[in-house]
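User: I'd like to learn how to read salt bridges in a model like this one. Can you walk me through them?

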Amino acid sequence: AAQINFLESIRTDLVNTNVKIVTVSPGFVKTPMTDVNTFPMPFIISADKAAKIIVKGIEKKKAEIVFPTPMAISMKLSRLVPASIWPKLFKKG
């Protein structure tokens, strides 16, 4: 979250320059690192597919590249949940 907010902020600071900021927020990508995870990884995609999505987003000059689509929608909707609700959602017991 901090990185996303930082990139959104710096993007506005650099608007009149030739520097372009692209925020890439992938969901789970199948790699040797994720192969050892023992928890569910919803909507996991291959590294090749992730790379193609990133390249396509850069070519289209997107400011933000979020994938896969179901994860992107979930993350955008999660921003609508009030901060006071999150601890209750994940409370154990």
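Analyst: A salt bridge here means a side-chain nitrogen of Lys or Arg within 4 Å of a carboxyl oxygen of Asp or Glu. The general idea is that side chains of opposite charge can pair when their charged atoms come close. This is a predicted model, so local features need pLDDT of at least 70, side-chain atom pairs count only at pLDDT 80 or more, and totals for chains, interfaces and linings use all residues. Residues are numbered from 1 along each chain as its sequence is written, and side-chain values use heavy atoms, with hydrogens and water left out.

User: How many salt bridges does that rule give?

Analyst: The count is 3. One of them pairs Glu8 with Arg79, with 3.9 Å between the closest N and O atoms. Glu8 sits in helix α1 (residues 2–13) and Arg79 in the loop between α4 (69–78) and α5 (86–89), so this pair ties together parts 71 residues apart in sequence. Helices (H or I, at least four residues) and strands (E, at least two) are DSSP runs, numbered from the N terminus.

User: Which residue does Lys76 meet in a salt bridge?

Analyst: Glu64, at 3.0 Å from N to O. Lys76 belongs to helix α4 and Glu64 to strand β4 (residues 64–67), so the pair links parts 12 residues apart in sequence.

User: And what is the N to O distance for Lys30 and Asp35?

Analyst: That salt bridge comes in at 2.6 Å.
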